[in-house]
Amino acid sequence: MFNKDRWREIIQVLTANLFRTILTAFGVFWGILILIILLAAGKGLENGIRADFGDIATNTMFMWTQKVTKAYKGLPKDRVFDYKVGDVADIWENVDGLRFVSPRNQLGSFGGASNVVRGLKTGAFTIYGDYPEIIKQEPMDITSGRFLNQSDINEKRKVAVIGIDVRSSLYEKGEAFLGTYIKINNVNFMVIGTYKKSSANGDGENAQREIYVPFTSFSQAFNRGDSVGWMAITAVDDVPITDIKEQIFNIVKENHKIHPDDKRAVGHFDLNEQFQRVNSLFGALELIAYFVGILVLLSGVIGVSNIMLIVVKERTKEIGIRRALGESPWSIKKQILMESIFLTIISGMAGIVMGALVIYGANFVLEASGPVPMFTNPNVNLGVVTVALMILIISGLFAGFIPANSAIKVRPIDALRTE
Amino acid sequence: MGSNSLHVLKGIDFSVEEGELVAIMGSSGSGKSTLLNILGMLDELDEGTYDLDGVPIKDLNETKAANYRNKFLGFVFQSFNLINYKSAMENVALPLYYQRVGRKERQEKALKYLEQVGLKEWAGHLPSELSGGQKQRVAIARALAAEPKVLLADEPTGALDSKTSYEVMDLIQKINDAGNTILIVTHEPDIADMCKRIVHLKDGVILEDKKVNQVRAAQYV
C-alpha cells in the first residue's frame, strides 16, 4: 500500500498542477490554523483567569449569619444570631468529606478607623481570629517568622502575623519587628511573622494589610465569648462543597432554632460553584472553538473534495487506460483516496506548524510586553494536535470518498472513449 | 446500458488459433469495434460464449475482468493512450506494476521491450516528446510487456501516415513471427493484406473469413 511507486504517482499528480494544488491546500491549511489559534486563545484566557484564582482552595464556601426571616419555635423573625464554637464541632461530626472547617472572627475593615497602634504610628487594618488551617484555604507566603500554630490556639497566645504592608506602616525601614509588640484595640500582641499574599483580584494591596491572630486569643481579648463571626469550609477534593453545603446549613439551623425553610438566615458564598461556572465557561469556549474551527476546516475539505472530483474527471481517460491495462477498481479507488488524504494531511500539517508559530509569536510578544490581564500563555497541548490530525485523516478520507467512487463508476470502455 | 441496448453483433462464430495474425475489417457500424471490445473484456456479451486459452470468459466483475485483461490481453489503441505524465519506460512498465512485479525487474523488462520496438534510447522521454509512430511503438511495447496470450489492436495505424503505418505493421509482423497471436481491427485494405487472415464483418455478421498471402511490410519501409 505504501510502496514507492504509489507515492511517486501521488506526487506526480499533485505537482502536475501545482498552483491549483496549493490553492486547494490553503483551504485546509486555513481551517486547521483557525482551529489551533481559537483553541490556543481559549486556553490563554483560561490560564489567565485561573491565575487570578491563584492557589486558593476552590472547593470552599464561606458562611456567615444574616437576619432570621421566619418565626420558629416561639422565636420571632428579624432576630440576629451568631454561630458558636460548638457549631464547628457539630459540623465536623455530622458531615462527611470535609477537609477544613475554620471558624473566623474579624475586627475592623478596610478603610475603617485606626485600630492598631505601635509607638507613635497607627493604622487601620483588618484583624482576623483564625485557626492555623486558614493558610491552606487562603494561601499566603510567610516572608519572615512563622504562621500561627496549634499551640498558639491552645495556649491562647497573644501573637500576630502581619501583612508586609502592615509592617511597612508600623515600622521604619530595616527596623526589627519580630518579637516586638503592637497594640490592637489596646491589647498587646507580639509580632511573630509577616506574610505576603499573591492575589491578583484587584485587592492586592488590601490583602497585605491584614493581621492574623489565634482564634482563641482573639475571642478572649475582644470579648467574643464562644461566638464565631463566619466560617471558611473546605471539602475534600472529590466531594464538591456545593453538594454538601445543605447538610451544613441544616446543622446550624437546627442548632440555632431556625426554620428549616428559612433561606436567608444563613448567608454563604460558594467559591466552588463560581469556580465550576468559570470552568464550564471554558468548556463552552473550547466547544465553540472546535465548532467554528471544524466548520472552517470543513469548507477546506469540501474544496479538496471538489478538486479531487475535477482531477478524477480530467483523468477519466487515464483511468480508463489503466483499467484496460488491468488495474483493479480497488487500486484506483485507493489511489484517489490516498491522494486526497495526503493533500489534506500535508496542508493540515502546514496549518499546525503555522499555528504553532503564531502561538510562539504570541507568547513571545506577551512575554516582552509584560502580563496582560486575563490572558496568559496561550497554548495547545499534544492531545489537541493529535485530535486535529485525526480530524484531518478522517476528513481526507471523506473528501476522497465521492471522487474515488466516481472514478470507478465509469466503465473502462466509456472512459477510453472520452477525449 | 440498460433499456437502450442495441444488438450490434448478430451471431459471430469464429475461432483464432495460436500464432495467427487476423485482420477484422468492415465499414463503420459493422460491429468490428464491439467485437474487439468483447474480446478485450471491455464490453460484455449478452448471449453466447467466449473462451480464451480454454478459460470461459463469463460473469466477470470489474476486479476479475481487470485481472484477466492484465494476464491475457495486450491493447493497442488508435490514439495510443499513453499516460502523458509518465515516461516511455514507465508506460511500458505499467501492466507489470499491476502484476505486482518488483520495481527493478519491471524496469529491466520495460527496457527489453522498448529495445524490441527500437526505442531504448527514448526510455526516459515523455509521450509528448515522441512522434506518432514512436508513441504507437511504445504502446505496442506496453501491450507486449505483460506477455499476453493475445494482442488486440484497434486501428493501430489509424492516426499515422502511410510510411509510419508500414513501420508499425512491420513491427507487428515481427512480433507475430515470434509466435504471438494478434487481432487487428482496421478498415484499410492494405493493412489488412499484411495479415494472414481477414475477417469481413457487415451489419454484425461475418461476411467473409479467408486466409490471405501475407504482404510483408518491410518492403515498403
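This is a predicted model: local features need pLDDT of at least 70, side-chain atom pairs count only at pLDDT 80 or more; totals for chains, interfaces and linings use all residues.
Domain bounds come from an automatic or database domain assignment. Residues are numbered from 1 along each chain as its sequence is written, while chains are lettered from A and ligands numbered from 1 in the order in which they are written.

**Exercise 1.** State the domains of chain A and the separation of their centres.

*Solution.* The assignment gives domain 1 as 4–54 + 277–417 and domain 2 as 60–269. Taken over C-alpha atoms, the centres of domain 1 and domain 2 of chain A are 56 Å apart.

**Exercise 2.** Describe how H9(A) packs against H12(A).

*Solution.* Helices (H or I, at least four residues) are DSSP runs, as are strands (E, at least two), numbered from the N terminus. Helix H9 spans residues 271–314 of chain A and helix H12 residues 382–409; they pack at about 30°, with axes 9 Å apart. Axes are lines fitted to C-alpha atoms, for helices over the stretch in contact, and angles run from 0 to 180 degrees between N-to-C directions. H9(A) and H12(A) are therefore roughly parallel (angles under 35 degrees; over 145 is roughly antiparallel, 65 to 115 roughly perpendicular and the rest oblique). Among the residues of H9(A) in this contact are Ile294(A) and Val301(A), and those of H12(A) include Phe398(A) and Pro403(A). By class, the contact has 13 nonpolar, four polar and no charged residues. Here Ala, Val, Leu, Ile, Met, Phe, Trp, Tyr, Cys and Pro count as nonpolar, Asp, Glu, Lys and Arg as charged, and the others, Gly among them, as polar.

**Exercise 3.** Classify the angle between H2(A) and H11(A).

*Solution.* Helix H2 (residues 18–53) and helix H11 (residues 329–368) of chain A pack at about 40°, with axes 7 Å apart. That angle makes H2(A) oblique to H11(A). Their contact divides into 16 nonpolar, eight polar and no charged residues.

**Exercise 4.** Determine which elements of chain B touch chain A.

*Solution.* In total, 18 residues of chain B are in contact (C-beta atoms, placed from the backbone, within 7 Å) with 17 residues of chain A. Helices H2 (62–72) and H3 (88–98) of chain B each give two or more residues to this side. H2(B) gives the most, with six residues. The predictor assigns the complex an ipTM of 0.88 and a pTM of 0.72.

Technical notes. Two residues are in contact if their C-beta atoms, placed from the backbone, lie within 7 Å.
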